[in-house]
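Open the model in your viewer and keep the selection tool at hand. Each stop below says what to select and what is there.

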Amino acid sequence: MNTYKLKEREIPLNEEFDVVVSGGGPAGCTAAAAAARAGAKTLLLEASGYLGGMGTGGLVPAWCPFTDKEKIIYGGLAERVLRTCMAGMPHLKPHLQREEFDWRAIDPELLKRIYDDLVEEFGATVLFNAFTCAVEASDGSVDAVIVASKAGLAAYKATTYIDCTGDADVATWAGAEYEKGDETGDLQPASLCFQLGNVDMYAFQYMGAVKYGAFWPKEEAAIWKILDSGKYPEIPDGHACNNVVGPGAIGFNAGHVWDVDNTDPYSVSKGLTHGRKIAKEFRDACAEFFPEAFGNAWLAQTAPMMGIRETRRIIGDYVLTVDDFKNLKSFDDEICRNCYFVDVHHRKCDIEQQRSSKGEACIGAIRLKPGESHGIPYRCLTPKGLKNVLVAGRSISTDRPTQGSTRVMPVCLAMGEAAGTAAAMAKAHEGDVRAIDVQALRDDLRKHGAYLP
C-alpha cells in the first residue's frame, strides 16, 4: 500500500481526565464506571452512538452463563447489570432460581439505558461517535490518544489509558506485541445477529418444542431440515441460537460469516453485506419450515455491528493458557474468576462435518464441572512493554483456546471493573499500572461484590 505523509499541524488537546477508556462495550462500561467510582476523572470514548457493544448494537440475544451451576461467578458491577436487565424484562420470571441466571435474554434498548445510567451514576463522561484512531507514544508510555469525530481530530491526554476496543487497538498502536488467530492466522467466524418480529409466541414456545424441536443443536431441529432442503444457500451451517427478547420478537445469533477481520474494514464491510443476506434467508426459511410461528414474521432488524469473536490478543505479563483453564488454576493476583466453556467456533472447512454430525458450532469444546472456575490474573491485563496501559475485554493476554472462553460478555464486565479500579489507583503512581498494590485492588473489588475466593 502506498503511504501519505500528513502535513504537520496542531489539533485540539484535552488534558482534563485522569483515565481515558477507549471502547464502550461491556468491559469499557464497567471500566469507566469503576474508575470514576474510585475518584478518577474518567472519559469513555465510544465510536457508535450507544454503549454496550455486542449486547446492544450487536443484538446478541442472550447473556452467556453468570454461574458455575452453583453460584454467580461474575459479581460486582457485572451482576448488577444482569439483574437490572432481567428486572426490566416482564417475560422473565421475577423470582429467580440459581439456574435462571444463565442464558438470560437481552432487550438491547433496555440494556443501552442501563449502561448509560451506570456510567453516569459514578460521574464518568461519555463521548459518543468518537473513534480512537491513533496513539501517540514514547518510551513505553502512551502520551495521548487521537480521536476522530464530527468536530475533526482531537488529542486526549490522561495519566492512564484502558484499551477496551476488543481488538487491542490502543495497545497495538502504542507498540505492544500481540498474537492473532490460530497458528495460520485463521480467525473464528463472525456472525451478524438479527431479530424477527411478529412471531406467534404460542406456536414458537409450545408447538416448537413438540413438533419441530429446538432450532439447535438437537438432531430433530428445524435448522437441519432447512439445510437439507438446499433451498437457502446463504445459510451456511447449523448455528441458530435464539432467544425470546420481547413480545413477538425472537433474537437470533445465527449463521457464520468467515474471512472477517475486524482490523480490516474492507472485510468487515463485505461481511455485513453477507450477514444481511443470511438474515433474510433465515426469515424466509423459518416461515416455510415453521409456519405456525414464523408465517407472518418479518425481519425487524439486523445488527449495526458485526459480531466479532476474535482478532488480536496482547502479549501480557502473563499468558493464560488452556492448561490453566483445565487445571482450575488460581493466582495471587487474580482479579476475577471465569467458568465459561472453551467456545471456538468451527472453521469454514469444517462446515460439512458439522452438518453431517448435526453438532455444535464450536470445535473441541472444553466444559468445566458444576462449581468449577479458574482465575484471571491482573497480569493478563498489562501489556508487556507499556507502562500506563491496561487492556480489558476479548483481547487480554491468553492463548487461542482460552480466548474462546474469556471473550464473552459476563467475564468482560468483570475484568473491566478490575481494570477501571486499577487505573484509578495508578494515578498515585504517575500512571504506572504495575506499581499499584494488587491486594488492595482485590480487596476493593471484593468490597464491591466481586467473587474472589
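Select lysine 112 and tyrosine 50: the lysine lies over the face of the tyrosine, 5.0 Å from the ring centre. A charge counts as over a ring if NZ of Lys or CZ of Arg is within 6 Å of the ring centre and within 35 degrees of the ring normal. Next, select arginine 312, whose charged end sits over the ring of tyrosine 178, 5.4 Å from its centre.

This is a predicted model, in which local features need pLDDT of at least 70 and side-chain atom pairs count only at pLDDT 80 or more, while totals for chains, interfaces and linings use all residues. Residues are numbered from 1 along each chain as its sequence is written, and side-chain values use heavy atoms, leaving out hydrogens and water.

Now turn to ring pairs. Rings of Phe, Tyr and Trp (its six-membered ring) pair if their centres lie within 6.5 Å; planes under 30 degrees apart are stacked, over 60 edge-to-face and the rest tilted. The count by this rule is 11 aromatic pairs. Select tryptophan 63 and phenylalanine 66: their ring centres are 5.7 Å apart and their planes stand at 80°, so this pair is edge-to-face. Tryptophan 63 is buried, with a relative accessible area of 0% (buried means under 20%, exposed over 50%, partly exposed in between, with a 1.4 Å probe and protein chains only). Phenylalanine 66 is buried too, also with a relative accessible area of 0%.

Then select tyrosine 340 and phenylalanine 341, a tilted pair with 4.6 Å centre to centre and 45° between the planes. Both residues, tyrosine 340 and phenylalanine 341, are buried.

Last, select Phe194, Phe204, Phe252, Phe282, Phe290 and Phe294, which ring pairs link into a cluster.
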